[in-house]
Amino acid sequence: MEPAMEPTAAPSTSHAHDETAAQSPEPTPPEEASRRSRIISTVLSPAVRLWLRSQVEQVEALEFRIEGGDRQLLSGHIPQVIISASKAVYQGLHLSQVQMVGRNIRVNLGQMLRGKPLRLLAVVPIRGEVVIQQADLNASLHAPMLATALAEFLAELLRSQLSPGLSESSEPQKLTLQNPSVTIGNHRITLVADLLTASGRLIPVAIRTGMQVMNGNLLCLEHPQWLPHPRAKRGLPLNDLHGFQVDLGSDVDLEELSLEDERIICRGGINVIPVTP
């Protein structure tokens, strides 16, 4: 993540706080400085805080800082917002720690001064780092984003005809994944689950794989293996699934994904798209 600018004021001790913008290098008339201060404290900061909280289902701690010059902020242009959050839930995904920087944010300040909620007027590029602990990843397995990826992987696994215990007549749409759990370590991730067939038969699944990012938005499996049991050191290579891709979307630009002991670290960016009123 790009280094954050030095704070312009002492940070608040509360879990959710916001601070005034960085001072302009040019002298500001007292009346204009007072007006800017009022706009930031009574309009911009509360609106940004409310908007950020509306984007997540829950968050344990949220801090942010608005930075910019007088004329920029008064025109509804926020040059930079630095965001820090922990234990946030976004679209069912549990994010342990988030450090982000959003730049060139354009908002409807004129409407906000008349009591309207904050609305983005243009796409906002955000870059930073997200850390997902193993426990939080397990809590996210039923989120639509991950559930869809697991369903696609399951279908591809069946098509590969390399899954022991499954007959060729098994149909992907008639199987579901139950009791999924993951462990992370040694640059690999291990998925353990049960496949439930239409007849009610449970087939244990244990797969270990590496992961890498391609083109910024493709998550690719690297040398996946079918394990005889979750703690096995070696397994049957699933060569047909090597390079299997999960498309994260055109607005995602990952630079790095690291599988460390009991956590995943993602670095990169994402575009926040304005909602059409």
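The lining of the second largest cavity has 9 nonpolar, no polar and no charged residues, where Ala, Val, Leu, Ile, Met, Phe, Trp, Tyr, Cys and Pro count as nonpolar, Asp, Glu, Lys and Arg as charged, and the others, Gly among them, as polar. This is a predicted model, in which local features need pLDDT of at least 70 and side-chain atom pairs count only at pLDDT 80 or more, while totals for chains, interfaces and linings use all residues. Residues are numbered from 1 along each chain as its sequence is written, and side-chain values use heavy atoms, with hydrogens and water left out.

A cavity here is a set of points on a 1 Å grid over the protein atoms alone where a 1.4 Å probe fits but cannot get out, and its lining residues have an atom within 4 Å of a point. Grid points are joined across faces, edges and corners, and a volume is the space filled by probe spheres set on the points. The structure holds 2 cavities of 30 Å³ or more, and the table sets them side by side.

| Cavity | Volume | Lining by class |
|---|---|---|
| Largest cavity | about 160 Å³ | 13 nonpolar, 1 polar, no charged residues |
| Second largest cavity | about 50 Å³ | 9 nonpolar, no polar, no charged residues |

The residues around the second largest cavity are Leu150, Phe153, Leu154, Leu157, Leu177, Leu191, Leu195, Val205 and Ile207. Two or more of these come from each of helix 5 (144-160), strand 7 and strand 8, and helix 5 gives the most, with 4 residues. Helices (H or I, at least four residues) and strands (E, at least two) are DSSP runs, numbered from the N terminus.

Strands 7 and 8 are also partners, since two strands pair if DSSP finds at least two bridges between them, and 8 bridges join strand 7 to strand 8 (residues 202-214) in the antiparallel sense. Leu195, one of the lining residues, stands opposite Ile203 in strand 8. The two strands form a hairpin with 5 residues between them, and Gly200 in the turn has a positive phi of about 90 degrees.

Leu238 is found in the loop between strand 10 (236-237) and strand 11 (245-247).

Definitions and conventions:
On a 1 Å grid over the protein atoms alone, a cavity is a set of points where a 1.4 Å probe fits but cannot get out, and a pocket is an open set with protein on both sides within 12 Å along at least five of seven lines; lining residues have an atom within 4 Å of a point.
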